[in-house]
Amino acid sequence: MTKTTRRVVVCVAASLLMLVGGCEKKAAEGAKAEGSAAAKKVRVAFSQIGAESDWRKANTESIKAEAAARGYELIFSDAQQKQENQIKALRSFVAQGVDVIAFSPVVETGWEPVLKEIKAAGIPVVLTDRAVEVSTPDLFVTFIGADFVEEGRRAAAWLGNATGGKAVVAELQGTPGSAPAIDRKKGFEEGIKAFPEIRIIKSQSGEFTRAKGREVMESFLKSPEGKQITALYAHNDDMALGAIQAIEEAGLKPGVDIKIVSIDAVKAAFEAMVAGKLNCTVECSPLLGPALFDAVDAIKAGKGVERRIVTEAAVFDQTTAASVIGSRKY
Amino acid sequence: MNQSGLPWRRGMRSLVWPVAALALLLAFNAATMPGFFAIEARDGRVYGVLVDILNHGSRTALVALGMTLVIATGGVDLSVGAVAAMAGAVTATLLVQAQVPWPVAIAGAVALGMCCGVWNGVCVSVFRLQPIVATLVLMVAGRGVAQLITGGSIITFESGPIAAIGNGSFLGLPVPVTMMVVAAVALQVLVRRTALGLCVQCVGDNATAARLAGVPDRAVMLFVYGVCGVLAATAGIIECSYIKAADANNAGSLLELDAILAVVIGGTSLTGGRFSFAGTIIGAMLMQTMTKTLYMHDVSAEIAPAPKALVVILVCLLHAPRVREWVSGLWRPRGGSA
């Protein structure tokens, strides 16, 4: 490489870096300006996990919309699936002296030190969607979120009623070891105890993805016991949607030959229900905004807040799908 | 190095263990799982467990073919999973949101894969970054880009020519299998009938010596990383087509490790030099057969990685010269050892 080319490359790289730096600075200034404009409002800081799914996006939008509707100033931060980002964000919230801190923890453990710092600063903490593991319970005020076990129970109850209490079930589990996978499995197993003639003959992880859901379902159907399967329980909609393709490929009718119940209630699941391919989905609502700001209102008014606020789990099936689909935001 | 026999003959010998492991695994399934080998024709295509293994294995195999070339030059490409995710995202976005004809969507995705590959090649050969570092950049950044392309949501599409790539059949076999065979044959012809294979091997054995001997090492690097990028993009398109959706967050996750493993099981050394496409394909199929076996035998997801790891370790150990010497010593007559 000649010296001139080298110089050009260095210059271009340097200017690119400056450009990136400049953008960041501008964004920071923007945030500051917003802050001073609304100095009198109650300042609620929220640290979100990321934007990994439609569910999460709807969750974020619900919180933002509710904050605006109630006239709170929301300081929002995206952790991009990293705990260290989230801890940094929480510390910056403390430094900014916000009134309430809310966050959806990326993982369950490792929050003690930062939560203690927040407590020392006298800022109340609200957890949404996911819980944390701490030794002293007073490190947060309340945990708002769905109950994964209850979702499993509801799925089981629906299946029991829809099949007259008789079904041979294949189960697609979520990522091994994750809280929703463990709890949804547990809840379903509890739920089918009421129906002695429902039994699970196959249970494997589809890792919460469409591709794996389809691949695992193919294996279920081709196994020697595969022909007995009359129902499928999937820990999320995406796996069920993948499995539907496998069932069709095997020459069976999803939703008819094999009844399918899953969890999450994303829009694609409603579309599948309208098409008659999915039978039921249990909602674990991402629209936590109202519940979150109810809690914030109560905290600011000095009223007591329950330690655990369980958000509603709704059950949708083909009879309601068509009327609800239009109102689905995610 | 043992100089007896032609290069391909030596290559054949390193295939023995992966082939043996695959045969053992299939025999185990034949004995314990009735219907494992059953293949029937449905709607003009073959249907059965073995077909599934070929079908799913072919995605990893396609990526692993490119990875074989990269590893043969002494490099590694960690970005293939992210490139696959980006390719899927581009295909679905172009198809659904930009409403372009399907060949354009595919061309766009493949072009993106090639650009990513060539960029890796430039980083490695021109900037002299270590391959693991150079491709790590794209591995980390690529998935973010894929998310950006899809706007963070899963983009779905209905049947059509694109869906046929992952679900259709060609001459009775699933399309991905055909694509794998075509890619393997084309690459094999390209590297064995031209000097390219030798150049790749020279660069991998000793890059400096190769350069001094007049091997165009930069061009070779650009070529192998480019091919790897294109094949990764192809795998991404297949996965996207297979589920009729672009799942930017999950598509091609851990694909890079699967591909590297397939190459290593197939007998290509990570230090570069000698390489074998046949070994790589057998490696990919061995792993897919293992996965399928665990599914079919109801091995719970929590412990499933353990038996898989065991097979991988065994096959890799059998590639180690020391272990191999010891094993082959068992069959030699006493006193006549080397």
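In the predicted model, one helix pair of chain A is formed by α7(A) and α8(A), where A:Arg210, A:Gly213, A:Arg214, A:Met217, A:Glu218, A:Leu221 and A:Lys222 of α7(A) are in contact with A:Asp238, A:Met239, A:Leu241, A:Gly242, A:Ala243, A:Gln245, A:Ala246, A:Ile247 and A:Glu249 of α8(A). Sorted by class, the residues of this contact comprise 7 nonpolar, 3 polar and 6 charged. Helix α7 of chain A covers residues 210-222 and helix α8 of chain A covers residues 237-249. The crossing in which α7(A) passes α8(A) is right-handed.

Chain A as a whole contains 11 helices and 12 strands. It has 330 residues, of which 51% count as buried. Among the contacts in chain A with a separation of 6 or more, 74% are between residues 24 or more positions apart.

In chain B, a helix pair is formed by α3 (residues 49-72) and α12 (residues 255-265). The axes of these helices come within 8 Å and cross at roughly 65 degrees. With angles of 65 to 115 degrees counted as roughly perpendicular, α3(B) and α12(B) are therefore assigned to that class. The crossing of α3(B) past α12(B) is right-handed. On the α3(B) side, the residues involved are B:Thr60, B:Val63, B:Ala64, B:Met67, B:Thr68 and B:Ile71. These meet B:Leu255, B:Glu256, B:Asp258, B:Ala259, B:Ile260, B:Ala262 and B:Val263 of α12(B). The contact of α3(B) with α12(B) consists of 9 nonpolar, 2 polar and 2 charged residues.

Cysteine pairing was examined over all chains, and the count of disulfides is 0. B:Cys202 takes part in no disulfide. The nearest cysteine sulfur to that of B:Cys202 belongs to B:Cys199 and is 6.3 Å away, whereas a disulfide requires sulfur atoms within 2.5 Å. B:Cys202 is partly exposed, its relative accessible area being 30%. For B:Cys316, the closest cysteine sulfur is that of B:Cys228, at 19 Å, which is too far for a bond. B:Cys316 is also partly exposed, with a relative accessible area of 25%.

Positive backbone phi values were found at residues of chain B other than glycine, including B:Gln99 and B:Asp298. Phi of B:Gln99 is near 55 degrees. B:Gln99 is located in the loop that joins α4 (80-97) to α5 (102-125) of chain B. With a relative accessible area of 62%, B:Gln99 is exposed. B:Asp298, likewise not a glycine, has a phi of about 55 degrees. Its position is in the loop between α13 (277-296) and α14 (305-319) of chain B. B:Asp298 is partly exposed, with a relative accessible area of 34%.

Definitions and conventions
Residues are numbered from 1 along each chain as its sequence is written. Chains are lettered from A and ligands numbered from 1 in the order in which they are written. This is a predicted model: local features need pLDDT of at least 70, side-chain atom pairs count only at pLDDT 80 or more; totals for chains, interfaces and linings use all residues. Side-chain values use heavy atoms; hydrogens and water are left out. Axes are lines fitted to C-alpha atoms, for helices over the stretch in contact, and angles run from 0 to 180 degrees between N-to-C directions. Helices (H or I, at least four residues) and strands (E, at least two) are DSSP runs, numbered from the N terminus. Angles under 35 degrees count as roughly parallel, over 145 as roughly antiparallel, 65 to 115 as roughly perpendicular and the rest as oblique. A crossing is left-handed if the near helix is turned anticlockwise from the far one by less than a right angle, and right-handed if clockwise. Contact means heavy atoms within 4.5 Å. Ala, Val, Leu, Ile, Met, Phe, Trp, Tyr, Cys and Pro count as nonpolar, Asp, Glu, Lys and Arg as charged, and the others, Gly among them, as polar. Buried means under 20% relative accessible area, exposed over 50%, partly exposed in between (1.4 Å probe, protein chains only).
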